[in-house]
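Welcome, and please take a moment to look over the model before reading on. The paragraphs below walk through it one region at a time.

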Amino acid sequence: MRTEIIHFQSEGDTCAGTIYRPEGDGPFPAVLLSHGFGAVRTMRNIPEVATLLAEAGILALAIDFRYLGDSGGEPRQQVRPTAQRQDLGNALSYLETREDVRADRLGLWGTSFSGGQSLRIAAFDKRVKALVAQVPATDLYRQIKFEAPPEHRKLLESTIAAERPRHFGQLAPATMKLADEDGKPSVFGVESWEWAQNNVREHETFHNAVTVSSLEEALQTAPADYIESIAPTPLLVIMAEPDKTVLTKFTKAAFERAGEPKKLITYAGLHYDVYDKPEILAMASKAARDWFVTYLTT
């Protein structure tokens, strides 16, 4: 296996990616990988999954979305669902142009927020021949509107409302921490604090912040509304139980509505354990590899 830094154009800006290429001439099946809300491509478990895929003869492309990491776009630290879906579609188109890729054997892997966005991509873009959604954010709209603690929901709503006059006045966007210590306002809350701190130390392109204007669009997303349209694309969902970050009740309900072929893997642990606990990380990474080997190489 060898790695290669690549760039491709997405709606006028440049996206950065890392290719994990198997040995040999190809052409190879290929899988596109993307990380969660505000995260970047060097963070676990993207390198682990990509390496396993390349060792199994599948080319992997891990990308940074626009406005994040090594990719272009201003203002920085935006998480815009529509833009991210455009980036995923353009990354699939980039893979189609490569002579070492089999354009008829493309897969999609997403985790957390991008796990949800990948569900919606696969529902409409039938270039995707196999999908893995890991701890996916399937319905942030209903989760925040109806399940979040009232004080957290009011904090998000008031923060978003305060940003609208700034946006109208064309001022530089305000930012909000993704995670912070207990008692301090943040997008995810204290349960994500250790994860955020570790990744700030380990990955220089990751920042524990997101523009407030990103929240308004993100909190209106419900990608599982389209899950019935994914079939017959094979779908693997990897879910935490309990998951305090993306609620399992929405993941389970969405999976039940999905068509065959499909598989649900549930691990005992929290949302971030799939990145931070070696045994869970290894299990989920191998399960994803096996899914793509089954449906992209045979």
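The largest nonpolar core has 90 residues, where a nonpolar core is a set of buried Ala, Val, Leu, Ile, Met, Phe, Trp, Tyr and Cys residues joined through side-chain atoms within 4.5 Å. Buried here means under 20% relative accessible area, while exposed means over 50% and partly exposed lies in between, using a 1.4 Å probe and protein chains only. The residues with the most contacts inside this core are Leu32, Leu33, Phe37, Leu61, Leu95, Trp109 and Phe292. Helix H10 (residues 278-296) gives the most to the core, with seven residues. Helices (H or I, at least four residues) and strands (E, at least two) are DSSP runs, numbered from the N terminus.

A word on what you are viewing: this is a predicted model, in which local features need pLDDT of at least 70 and side-chain atom pairs count only at pLDDT 80 or more, while totals for chains, interfaces and linings use all residues. Residues are numbered from 1 along each chain as its sequence is written, and side-chain values use heavy atoms, with hydrogens and water left out.

Now find strand E3 (residues 28-34). Seven of its seven residues are buried, so the strand is largely enclosed by the rest of the structure. Which strands does E3 pair with in the parallel sense? One is strand E5 (residues 101-111), over six bridges, and another is strand E4 (residues 59-63), over four bridges; two strands pair if DSSP finds at least two bridges between them. To locate these pairings, look for Val31 opposite Gly107 in E5 and for Ala30 opposite Leu59 in E4. E3, helix H1 (residues 46-55) and E4 also make a right-handed β-α-β unit. Right-handed means that, with the strands pointing away from the viewer, the path from the first strand over the helix to the second runs clockwise.

Follow the chain onward to Asn45, in the loop between E3 and H1. Asn45 counts as buried because its relative accessibility is 0%. A cis peptide bond joins Arg44 and Asn45, with omega about 0 degrees. The side chains of Asn45 and Ser285 are joined by a polar contact of 3.3 Å. Such a contact is a pair of N or O atoms within 3.5 Å; within protein, one must be able to donate a hydrogen and the other to accept it, and residues adjacent in sequence count only if both atoms are side-chain atoms. Leaving aside neighbours within four places in sequence, the contacts of Asn45 include His35, Trp109, Gln134 and Tyr275.

Next, turn to strand E2 (residues 13-21). Seven of its nine residues are buried, so E2 is largely enclosed by the rest of the structure. Strand E1 (residues 2-10) and E2 pair in the antiparallel sense over nine bridges, and His7 has Ala16 in E2 as its bridge partner. The hairpin of E1 and E2 has two residues between the strands, and in this hairpin Glu11 takes a positive phi near 55 degrees. E2 also pairs with E4, in the antiparallel sense over four bridges, with Ile19 opposite Leu61 in E4.

Val135, in the loop between strand E6 (128-134) and H4, has a positive phi near 35 degrees in a residue other than glycine, and Val135 is buried, with a relative accessible area of 1%. Tyr67 sits in the loop between E4 and helix H2 (81-97). Although Tyr67 is not a glycine, its phi is positive, about 80 degrees, and at 6% relative accessibility Tyr67 counts as buried. Finally, a cis peptide bond joins Glu260 and Pro261, with omega about 0 degrees; Pro261 lies in the loop between H8 and strand E10 (262-268).

Methods: Contact means heavy atoms within 4.5 Å.
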